[in-house]
Amino acid sequence: MLNLRTTVAAQYEDGPVKVVGELWDSRVYDDNRGTPLSTGDVNALELVQAYVEWRPRAPFGDGTGGMIQAGRFLLNIGSRRLVAADDYRNTTNGYTGIRADLGWRGGWKSTFLYVLPQQRRPYDLSSLRRNAVAPDYEGFDLVLWGGLLSRANTIGRAMVETSFVHLGERDRAGRPTRDRSLNTASARIIADPVAGGIDYEVERIVQRGEISSSLAANAARQKVAAWFLHGDVGYTFRGGWKPRIALEYDHASGDRAGGDYGRFDTLFGMRRADLAPAGLYNAIIRSNLVSPGVRIEATPGKRTDLMGSLRPFWLAARQDAFSFTAVRDATGWAGSFAGTQVDGRVRHQVSKSLRFEVDAVLLAKGRFLRTAPNAPPGRWTKYVSLNAMASF
């Protein structure tokens, strides 16, 4: 299967006002009929950005500035684990609404947003295979609002950050949903890597609200009590390649029988970074998993960087589906060990306008992914992608 994305962007700026437009054309060619295909792969001829940005000349507070965006835009908030553009996929998460970034006295920065996440169309398989064109939809049946507050150099050189977002979702004609009403709050501390020093990050996310037990219009409502934890500590060596080694841990709650609904919802979070080398590889997301890991990164040159990681995976709740795979054993007999993943990435910036990348994943399936009732056959999952990005 060949995924091809073409992007055309335009920008006009006059003093404190900027107007931005960006068109994506994401298509698939020569796809294997047995390969899953979704709106994560195809979104032909879509205006993903069309917004006005205003940066007032008069400063706020003690000289810090502000910015207001209105229209259609890409959005990355905080760690990007909950709200992100996720532009490494062939398609992206786009949002329509308003965003305001403000600076305050004492070094505090804040972000406020009220947006309608774009729902990619078309979504039926035959239209996707034909690369059919249909404008994405946004409406008040899917609303995201909230804010973020952060301050650099608060605990030594570490930044502290806290956020809250609310997702409201309801059915519309032809689109049944789980009617999610989710309140998600996070707290994060992060110290970025430095040569010859230790870096670290801890983020705790708590999710509460309500969700329908199924897509049926009369489905019963369930209370939600879910959470996610990410932690890592790394060290960057001095020297030409500046190698960094890090120990990582991710824990996303799953749904257990009885009581509140416990499966963590990553909302519009990025796929890449923590759990996989590429956004197109979507078997693993932040839901129903426990995973320690080790990661090694290096930069052999100014234009080249390398990454490799090793991660075993367990289910946080053995009767729930593992991560994004939909593999499930309602009896719990298949156990909780899902398997061990080895992944790697090589990127090389050939010139200012051309970049190449190779991503690879090898997942050795554990007992759960081999013996659960709907587990696909085979002992291995293998993934390789070759990517080229050209800018003109």
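Phe237 is found in the loop between E11 and E12. Strands here are DSSP runs of at least two residues, numbered from the N terminus. The model is predicted: local features need pLDDT of at least 70, side-chain atom pairs count only at pLDDT 80 or more, and totals for chains, interfaces and linings use all residues. Residues are numbered from 1 along each chain as its sequence is written, and side-chain values use heavy atoms, without hydrogens and water.

**View A. Phe228 and Phe264 form a stacked pair.**
Ring centres must lie within 6.5 Å to pair; planes under 30 degrees apart count as stacked, over 60 as edge-to-face and the rest as tilted. This rule gives seven aromatic pairs. In the pair of Phe228 and Phe264, the centres are 5.6 Å apart and the planes stand at 25°. Phe228 lies in strand E11 and Phe264 in the loop between E12 and strand E13 (289-301), so the pair ties together parts 36 residues apart in sequence. Phe228 is buried, at 0% relative accessible area. Phe264 is buried too, at 1%. Buried means under 20%, exposed over 50%, partly exposed in between (1.4 Å probe, protein chains only).

**View B. Tyr235 and Phe237 meet edge-to-face.**
Their ring centres are 4.9 Å apart, with planes at 80°. Tyr235 is partly exposed, at 30%. Phe237 is partly exposed, at 40%.

**View C. Two arginines sit over rings.**
The rule asks for NZ of Lys or CZ of Arg within 6 Å of the ring centre and within 35 degrees of the ring normal. Arg172 covers the face of Tyr137, 4.0 Å from the ring centre. Arg367 has its charged end over the ring of Trp333, 4.7 Å from the centre.

Conventions: Helices (H or I, at least four residues) and strands (E, at least two) are DSSP runs, numbered from the N terminus. Rings of Phe, Tyr and Trp (its six-membered ring) pair if their centres lie within 6.5 Å; planes under 30 degrees apart count as stacked, over 60 as edge-to-face and the rest as tilted.
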